[in-house]
Amino acid sequence: MSGSAAIAHDPATRTWLLTTRATCYALRVAEHGVPLHVHWGGPLSLAQAVELPPSGVGPRSSFEGFGIGEELTVDGGNRYGPPALRVRFADGTRALTWQAAGHEQPDPATLLLHFTDSHYPLRTTLGYRVHAGTDVIERWTALTHTGTADEIVLVRADSATLSLPPRDDYRLSHAVGLWAAETQLKRDPLPFGETVLTSRTGTTSHQAQPWVILDAGDADGGWADETHGQVWSAALAWSGSWQLTLHHTPDNRLSLNAGAGHDAVTVALRPGETHTTPSLLTLHTPDGGFGGLSRAWHAHLRTAVLPHPEETRPVLYNSWEATGFSVTLENQSRLAAHAAALGVELFVMDDGWFGGRRDDHAGLGDWTPHPGAFPDGLRPLADEVHRLGMAFGLWVEPEMVNPDSELYRARPDWVLHFPHRDRTELRHQLVLNFARPDVAEWAHGWLTRLVAENDVDYLKWDMNRPFSEAGWPDEPSGRSDRLWFDHVRSYHSVLDRLRADHPRLRIEACSGGGGRVDPAVLARTDQVWISDNTDAADRLVIQHGYTQIYPARTMAAWVTDVPNQQTGRSIPLRFRFHSAMSGVLGLGGDLTRWQPAELKEAEQLIAEYKAVRHVIQHGELFRLRPPGDLQALSAVQYVTPDASESVVLAWLPQPRFGLPPAPLRLSGLPPESRYRDLRTGALHHARNLTERGLDLALPPTDWASTLVHLVRVQDPS
Ligand code: GLA
C-alpha cells in the first residue's frame with residue numbers, strides 16, 4: 001500500500017482511496033480494466049476500502065445490463081443505462097472497451113488513470129483532484145485520438161459518472177427558473193428511470209442550473225434536513241450548454257453522469273487531438289444537512305475558486321433601472337453625485353452608452369461612445385466618478401451584435417448562422433461566434449483598449465440571448481459543432497486575458513440576470529447579477545436558491561424604485577435594503593427622484609451595511625427559515641469564521657393576526673459565549689440564542705424586517 005495522505009493506492013487490488021478532511025472516495029480498476037466505483041462517503045482507511053466490494057451489481061437476468069457503478073459509464077456490451085462516454089469510430093463501431101494503461105500522480109493531490117481501447121486508437125484518462133481542505137473532489141476526463149487516420153466522434157463525453165451508496169430511496173434538490181425568476185429551489189423524490197437536467201441555450205441558462213444536491217433514506221430514516229444528515233452534490237464548471245443525467249434503477253441504485261454539451265452536440269477528434277472535459281466538482285458532507293453542504297460549497301468557492309477571495313465587495317450603483325438606454329454625461333453625472341453622497345463606492349453605467357444605441361434595436365457591436373450622449377468620449381464621466389471618490393464601471397455585451405450596427409454590416413459572417421436558414425433575432429440581436437479566433441481577438445482588442453483608455457475599474461459583462469442557428473459554415477476543418485465548446489472557452493479566455501492585462505479590473509457576470517453562472521464563471525469574475533427581478537420579496541426566493549451552492553460574497557443585489565419595474569409591487573425602502581443586504585449591496589433606482597427622507601434612510605442603511613458586510617461577505621451562512629410564504633418569517637444568519645460576530649437578517653412580509661413571530665433560534669454560535677446585540681445593547685448567552693431564540697421585536701406591520709448585529713463579548717460587565 002502506498003501514496004500520499006490525499007491519495008492512497010493498494011496495487012494488489014488496484015484500489016485507490018482519495019481522502020479529504022471529512023470524506024473519502026474509493027475506486028478500483030477491475031482485473032479486466034473497468035474502473036469501478038467503491039465508496040463516496042465518510043472516512044475510511046485503505047484497508048477498509050480494499051475490503052469493500054464495488055458498488056455496482058451484475059445483471060440478474062439476460063434482460064438486464066451492467067453499467068451502474070462504473071467511474072465513467074461507457075456505451076458498449078450489455079450496458080443499457082445512459083452512457084457518459086459514447087464514441088463512434090470511423091468504421092461504425094460504437095462500443096468502447098477498457099484496458100488499464102497505467103496511472104500518474106503529477107502532484108500529491110492529482111491522480112490520472114489512463115486507459116486504452118482494446119482495438120481502436122482512443123486513450124481515455126480519468127482525472128481526480130483532491131481538495132482535501134474543503135472536501136471537494138474534482139473530476140474530469142481527457143480523450144486522445146492516438147491514431148494516424150480517421151476521425152473519432154465523441155457522441156457524448158461527460159466529465160464523470162458518480163454513484164451514490166445503495167439506499168431505499170433518493171431525493172433530488174435542484175434549481176429551476178425563468179428569466180427574472182431564476183434559481184428556485186425544488187426538492188422532490190427522485191423518480192425511477194432517467195431524469196435529465198439540461199441547458200441547450202449555449203449558456204448555463206435561466207431555466208436550470210448545472211448542479212444537483214442528493215440525499216437518501218430508507219426505513220430507518222437517513223433523510224437530510226437543513227441542519228442534519230448526509231448530502232451528496234456536484235456542480236459542473238462550465239458556462240455553456242450542459243447535461244446532467246440521473247439514473248435511478250428499480251433496485252435502488254443511483255448514478256449521475258454530468259458534462260458539457262447537450263444531447264445534439266458531438267466532438268470530432270482528429271489524430272493527435274485531445275478533448276478535455278470541464279471539471280465536475282463533487283462534494284459530500286457526512287453530516288450537517290443542506291446547510292452544512294452549502295457552507296462547504298461556499299468555503300470551497302471562496303478559497304479555491306474566486307479570483308480575489310480576500311476582498312470585500314464595494315457598494316455599487318447601477319444606472320439601468322433609472323435611465324435605461326437614455327444615458328448621457330449629464331444624467332449619469334447627476335446620479336453619480338447622488339450615489340457618492342449616500343456612500344456608494346462603485347458607479348456603473350449600464351447599457352446605452354455606445355454606437356447608435358438608444359433602444360434595443362441598434363448599436364451592439366459598435367463599442368465607441370455614443371456621439372450625442374458622450375461628445376467628448378467617456379473620459380469626462382470616468383473622471384467625474386473618480387473625482388467623487390468612486391470606482392467607475394461600464395456595461396458591455398461583447399458576444400452580441402444588432403443587425404443594425406456598423407459591425408454587422410461589415411461582418412455578417414461573424415454571427416452564428418446556418419446557410420439557407422433565417423437568423424432568429426431575440427431582443428433584435430444575434431450571437432457573435434466567439435469560437436472564431438478573429439472574433440475573440442476583436443473583442444479582446446476593444447475591451448482592453450476601453451478599459452485602458454477610460455480608466456475603467458469594473459466591467460459588467462452581459463449576454464442577453466441564447467444561441468440559435470448555431471452553425472459556422474466556413475469553419476476551416478468542417479467541424480462546426482466545436483463552436484459549442486470553443487465559444488465558451490473563448491469567453492473564458494477573453495476574461496482571463498482582460499484580468500491579466502488589468503490586474504485592478506473587477507468583473508460582474510450577467511446574462512439577462514442569472515442566465516450564466518457556474519464555478520467556471522466564478523473563477524473569472526467577482527460578482528454575479530443573479531436576476532433582473534429586483535422585487536425585494538421575490539429576490540429572497542431567488543437568493544435562497546442561489547446560495548444553496550454559491551456564496552453571498554458573489555451575489556449582487558440592488559435596491560430599486562417602487563413600484564418595482566418587474567412586479568409592480570411597492571415594498572418599503574427598509575425591507576428592500578434588508579433583502580439586498582444579504583449579498584453584495586447595490587442601488588439601482590433613480591436617486592434624483594428620491595425624497596430627502598428616503599435619501600437619509602438610505603445613507604444610514606448603507607453605513608449600517610458597511611459595518612456588517614465583512615460578516616455577510618466572508619462569514620458562514622446559516623439559512624434559519626426559508627422564504628416563500630409571505631405570512632411566515634424568513635431569516636438568514638452569517639457568522640464570522642472565528643464566531644466573534646454574527647449578523648441576522650429577518651423578514652416578515654405579512655404578519656398574521658398582528659402577532660409577533662416566535663423567537664428566532666440562531667445557529668453557529670459557541671454555546672458558552674455571550675453576545676451583545678448592538679441594536680438594543682442587550683447581552684445574551686449564546687445558548688439562549690440558539691435554544692430559546694432571539695426576540696426580533698418586529699413591528700406588527702406589513703413588510704417588517706430587521707438586521708441584528710451580534711458581537712461576542714470577552715468580559716461582560
Ligand atoms: C440585461 C441585464 C440588465 C441590464 C440590461 C441592459 O437584462 O440583466 O441588468 O444590464 O440587460 O440591456
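The model is a predicted one, and every value below was computed from it.

A pair of aromatic rings is described by the distance of the centres and the angle of the planes. Across the whole structure, a search returns 21 aromatic pairs. One of them brings together W320 and F325, whose ring centres lie 5.1 Å apart; the planes stand at 90°, so this pair is edge-to-face. W320 counts as partly exposed because its relative accessibility is 24%, a value that falls between the limits of 20% and 50%. F325, by contrast, is buried, with a relative accessible area of 15%.

The pair of F575 and W703 is likewise edge-to-face, with 5.0 Å from centre to centre and 85° between the planes. F575 belongs to helix 11 (residues 573-580), whereas W703 sits in the loop between helix 13 (686-691) and strand 38 (704-712); the pair therefore ties together parts that are 128 residues apart in sequence. Both F575 and W703 are buried.

Rings also join into a group. Ring pairs connect W353, F354, W367, W395, W414, W442 and W446, and together these residues make up a cluster.

Charged side chains meet rings as well. R516 lies over the face of Y491, with 3.5 Å to the ring centre. In a second case, the charged end of R539 is placed over the ring of W529, at 4.6 Å from the centre of that ring.

An N or O atom in the side chain of N464 is found 3.0 Å from a ligand oxygen. The backbone takes part too: a polar backbone atom of G513 is 3.0 Å from an oxygen atom of the ligand. Taken alone, the ligand exposes 310 Å², and the protein buries 97% of that area. There are 13 residues around the ligand, and those that come nearest are D350, D351, K460, D462 and D532. Sorted by class, this shell holds 6 charged, 4 nonpolar and 3 polar residues.

Some features of the backbone deserve a look of their own. The peptide bond that joins V562 and P563 is cis, with omega at about -5°. P563 is part of the loop between strand 31 (555-559) and helix 11, the helix that also carries F575.

Positive phi values turn up at residues other than glycine. E469 has a phi near 40° and is located in the loop between strand 28 (458-461) and helix 8 (483-501). With a relative accessible area of 17%, E469 is buried. F657, also not a glycine, has a positive phi of about 60°. The loop between strand 35 (645-652) and strand 36 (674-677) contains F657, which is exposed, as its relative accessible area is 72%.

Further residues illustrate how sequence and space relate. S205 lies in the loop between strand 15 (193-199) and strand 16 (211-217). S205 is buried, with a relative accessible area of 2%. Although 260 residues separate S205 from R465 in sequence, their C-alpha atoms are 9.8 Å apart in space. The loop between helix 6 (406-410) and strand 27 (430-431) holds P412, which is partly exposed at a relative accessible area of 33%.

Finally, Q243 shows polar contacts of a buried side chain. Q243 lies in strand 18 (residues 242-248) and is buried, with a relative accessible area of 12%. The side chain of Q243 makes a polar contact of 3.3 Å with the side chain of T245. A polar atom of the Q243 side chain is also 3.3 Å from the backbone nitrogen of D263.

Note on methods
Residues are numbered from 1 along each chain as its sequence is written. This is a predicted model: local features need pLDDT of at least 70, side-chain atom pairs count only at pLDDT 80 or more; totals for chains, interfaces and linings use all residues. Side-chain values use heavy atoms; hydrogens and water are left out. Rings of Phe, Tyr and Trp (its six-membered ring) pair if their centres lie within 6.5 Å; planes under 30 degrees apart count as stacked, over 60 as edge-to-face and the rest as tilted. Buried means under 20% relative accessible area, exposed over 50%, partly exposed in between (1.4 Å probe, protein chains only). Helices (H or I, at least four residues) and strands (E, at least two) are DSSP runs, numbered from the N terminus. A charge sits over a ring if NZ of Lys or CZ of Arg is within 6 Å of the ring centre and within 35 degrees of the ring normal. A residue is near a molecule or strand if one of its heavy atoms lies within 4 Å of it. A polar contact is a pair of N or O atoms within 3.5 Å; within protein, one must be able to donate a hydrogen and the other to accept it, and residues adjacent in sequence count only if both atoms are side-chain atoms. Accessible areas come from the Shrake-Rupley method with a 1.4 Å probe; for residues, only the protein chains shown count as cover. Ala, Val, Leu, Ile, Met, Phe, Trp, Tyr, Cys and Pro count as nonpolar, Asp, Glu, Lys and Arg as charged, and the others, Gly among them, as polar.
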